[in-house]
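Here is a structure to walk through together. Have a look at it before reading on.

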Amino acid sequence: MSPIFDSIRFYLLPPLFYIVYIYMYIYIYIFTVYRLAAHALANLSVNGTNQEIMANEGAIEMLISMLESDYELIQRQSAKALANLGVNSANKRKIALAGGIPKLVAVAKTNTVSIKIEAIAALANLAVNGK
């Protein structure tokens, strides 16, 4: 090989390595943030007061959008949180109006049993008449 090519390769590879490393770090960091956020919302949604606060602050819409994640852990925790929020009769309507039912049905069709269970639980809670 020519000395010019060797010098170009020497100078280009380290920056390329760092770009790939930074990209991977950010990608993993974002996945972790979403996963932990969905998990925290699922835990918080067990409490009735939290259910009302979460619904008023936009958690339902956020959780419904998280159902479309490519990651099973995020889908499962989002479905679990929606199942908990769906116990509240006021939230049933909010989840339905936000498009949650078709997305929960889509998630329930997955091959992963743990996700399927949470999505079906959410749909079951939405189907119960809370009046």
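We'll start with the overall fold, then visit a cluster of rings and one glutamine.

This is a predicted model, where local features need pLDDT of at least 70, side-chain atom pairs count only at pLDDT 80 or more, and totals for chains, interfaces and linings use all residues. Residues are numbered from 1 along each chain as its sequence is written, and side-chain values use heavy atoms, leaving out hydrogens and water.

The protein has 7 helices and 0 strands (DSSP runs numbered from the N terminus: H or I of at least four residues for helices, E of at least two for strands). Of its 131 residues, 31% are buried; that means under 20% relative accessible area, with exposed over 50% and partly exposed in between, using a 1.4 Å probe and protein chains only.

Now for the rings. Phe, Tyr and Trp rings (for Trp, the six-membered one) pair if their centres lie within 6.5 Å; planes under 30 degrees apart are stacked, over 60 edge-to-face, and the rest tilted. That gives 2 aromatic pairs here. Tyr 27 sits in helix α1 and Tyr 71 in the loop between α3 and α4, so their pair ties together parts 44 residues apart in sequence. Phe 31 and Tyr 71 make a tilted pair, at 4.7 Å and 55 degrees. Together, Tyr 27, Phe 31 and Tyr 71 form one aromatic cluster.

Finally, find Gln 51 in helix α2. Gln 51 is buried, at 7% relative accessible area. A polar atom of its side chain lies 3.0 Å from the backbone oxygen of Asn 84.

Definitions and conventions
A polar contact is a pair of N or O atoms within 3.5 Å; within protein, one must be able to donate a hydrogen and the other to accept it, and residues adjacent in sequence count only if both atoms are side-chain atoms.
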